[in-house]
Amino acid sequence: MASNKYFSDAELSCPCCGENKFNPRTLDRLTEMRRVLDFPFVVTSGYRCRAYNEDKGYTQTHATGQAVDIAVSHKSAYRLVTAAQRFGFSGVGVAQKGAPGTRFIHLDDLMEIQHARPRPHIWSY
């Protein structure tokens, strides 16, 4: 996966193996949303391989290459959440408790996840 104007290959790659299977369609959506909203999107988690997710006890959403976590809070978090569906993101996870450095918004554009709630869907952590 090549980097683009807003997102580097390194920040979208798995933290354990360095592999990057981030979906190009998802990256296009994310890039367009970043361009329109015009504030930095700090990626805290992009693609994560299955082994990494299993080791950490995480779901496999990020292993699809169609999920990203963005470090954001307050007004920017509100803007991100309200724009997400307009840009084709069907899963929005909101983590806005605690210190500002620990807050994030999860976005994914999965249409169906086995044994999960129907899409679109929003949840909190």
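1. A nonpolar core is understood here as a set of buried Ala, Val, Leu, Ile, Met, Phe, Trp, Tyr and Cys residues that are joined through side-chain atoms within 4.5 Å. The model to which this is applied is a predicted one. Its largest nonpolar core has 26 residues, and those with the most contacts inside it are Leu30, Met33, Phe41, Ile70, Leu80 and Leu107. At least two residues of this core come from each of helix 2 (24-37), strand 2 (67-71), helix 4 (74-84) and strand 4 (104-108). As a general matter, nonpolar side chains tend to be buried together in soluble globular proteins.

2. Leaving aside residues up to four places away in sequence, Met33 touches Phe41, Leu80, Ala83, Ala84, Phe87, Phe89 and Leu107.

3. On the overall fold, the chain has four helices and five strands, arranged along the sequence in the pattern α-α-β-α-β-α-β-β-β. The radius of gyration is 14 Å, close to the 14 Å that the globule rule gives for 125 residues, so the chain is as compact as a globular protein of that length. The C-alpha trace spans about 35 × 35 × 30 Å along its principal axes, and 60% of the contacts with a separation of 6 or more are accounted for by residues 24 or more positions apart.

4. As to burial and surface, buried residues make up 45% of the 125 residues, while the accessible surface comes to about 7,000 Å², with 52% of it belonging to carbon and sulfur atoms. The chain carries 16 positive and 12 negative charges, whose mean positions are 8 Å apart.

5. Is Asp109 buried or exposed? Asp109, which is found in the loop between strand 4 and strand 5 (121-124), has a relative accessible area of 1%, and because the cut-off for burial is under 20%, Asp109 counts as buried. Not counting residues up to four places away in sequence, Asp109 touches Arg25, Thr26, Arg29, Gln66, Gly88, Phe89 and Ser90. Asp109 and Val92, 17 residues apart in sequence, are 9.1 Å apart from C-alpha to C-alpha.

6. Two backbone entries may be worth checking. Asp38, in the loop between helix 2 and strand 1 (42-45), has a positive phi of about 60 degrees although it is not a glycine, and at 61% relative accessibility Asp38 counts as exposed. His74, found in helix 4, has a positive phi of about 55 degrees although it is not a glycine, and His74 counts as exposed at 55% relative accessibility.

Note on methods. Residues numbered from 1 in each chain as written. Predicted model: local features only at pLDDT ≥ 70, side-chain atom pairs only at ≥ 80, totals over all residues. Heavy atoms only, no water. Rg over C-alpha atoms; globule rule 2.2 N^0.38 Å. Buried < 20%, exposed > 50% of the residue type's maximum accessible area, 1.4 Å probe, protein only. Contact = heavy atoms within 4.5 Å. Areas by Shrake-Rupley, 256 points an atom, 1.4 Å probe, with all protein chains shown as cover. Lys, Arg positive; Asp, Glu negative; His and termini not counted. Charge placed at Lys NZ, Arg CZ, Asp CG, Glu CD.
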